[in-house]
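Visitor: Can you walk me through this one? Keep it quick.
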Amino acid sequence: MTSPADAEPVISLTDVAVRREGTVVLQGITWQVLPGERWVILGPNGSGKTTLLQVAAARMWPSAGVVEILGARLGRVDMRTLRPRISLVSGAVTRQVRADLPARDVVVSGRHAALETWWHTYSTQDWDRADRLLAGGGVGLIAHRPFGVISEGERQQVLLARALMGEPELLLLDEPFAGLDLGARERLLVRLSSLATDPISPPLALVTHHCEEIPAGITHAGLIRRGDLLASGSLPEVMTSELVSACFEVPVTVGCDDGRWWSRAR
């Protein structure tokens, strides 16, 4: 799933900075994602991971620098045409969805990046696709249950299915494992690994705190600390004990067994 070196990036950030109320959140970020690449971004709380993803999703404007997403430069493109091409799975989406909306409706509404099904008309093929996406995440049986009463693990699977419903050109996931128990985490890892290893899946980037939450199929990694991209590149080059220790400012040993990454304090 590597891409030719001369392929046009799907994400290109050049010397990007974000400042909020006098606080530097990101500084000097230069980052590229090429077609076919799958990225994980790791870093401690408050390091700027979510802000980086918001910029990459065209949901936040930088204070400085150049941002190009899917070949379009922010400031020179109609955001109404760009944003529907990008799917973002985040806690913000969870808070926006009406609690009594059935899970199946939450998914199908992703066809138009809407929050209610009555805003648009959906075909039989749309509903069938929503059912297949729910089944693919192992949550087909909760299709008619209200979104507000399903478990956190089921909710994440529904939101991922919703993100895929619109057939995005870029998939971004902000801490998808937050709040999940062991079983839900493993089931989501299996689903994301399936996506990451599928050559027809869109380029993706996910944010997490833990090495253990890196799905199989991830090709590249970035480490962010205090708003600075400390390291970025191929997964084996970045996921070293020295770099991860520097990023989290605690001595750890990092390893990979049978395709699963792990870290332990030294």
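Guide: Strand S9 (residues 220-225) is mostly covered, with five of its six residues buried. Buried means under 20% relative accessible area, exposed over 50%, partly exposed in between (1.4 Å probe, protein chains only). Helices (H or I, at least four residues) and strands (E, at least two) are DSSP runs, numbered from the N terminus.

Visitor: What should I know about the source?

Guide: This is a predicted model: local features need pLDDT of at least 70, side-chain atom pairs count only at pLDDT 80 or more, and totals for chains, interfaces and linings use all residues. Residues are numbered from 1 along each chain as its sequence is written, and side-chain values use heavy atoms, leaving out hydrogens and water.

Visitor: How many bridges join S3 to S9?

Guide: Four, and the two strands run parallel. Two strands pair if DSSP finds at least two bridges between them. Ile41 has Gly222 in S9 as its bridge partner.

Visitor: And S10, parallel or antiparallel to S9?

Guide: Antiparallel: S9 and strand S10 (residues 228-234) pair over six bridges. Arg225 stands opposite Asp228 in S10. The hairpin of S9 and S10 has two residues between the strands, and Arg226 takes a positive phi near 50° there.

Visitor: What touches Ser47?

Guide: Ser47 touches Val25, Ile224, Arg225, Arg226 and Gly227, not counting residues up to four places away in sequence. Contact means heavy atoms within 4.5 Å. Ser47 lies in the loop between S3 and H1.

Visitor: Why does Ser47 count as buried?

Guide: Because its relative accessibility is 1%.

Visitor: New topic. What is the order in the open sheet of four strands?

Guide: S2-S1-S4-S5, with antiparallel pairing. The edge strands are S2 (23-33) and S5 (72-73), each pairing on one side only. Helix H1 (residues 49-56) packs on the sheet, touching strand S1 (11-20), S2 and S4. The direction of H1 makes about 55° with that of S2. Axes are lines fitted to C-alpha atoms, for helices over the stretch in contact, and angles run from 0 to 180 degrees between N-to-C directions.

Visitor: What about S4 and S5?

Guide: Strand S4 (residues 64-69) and S5 pair in the antiparallel sense over two bridges. Glu68 stands opposite Arg73 in S5.

Visitor: Last one, H7. Which residues are buried there?

Guide: Ala184, Leu188, Leu189, Arg191, Leu192, Ser193, Leu195 and Ala196. Their cover includes helix H5 (124-136), helix H6 (152-165) and strand S12 (260-265).
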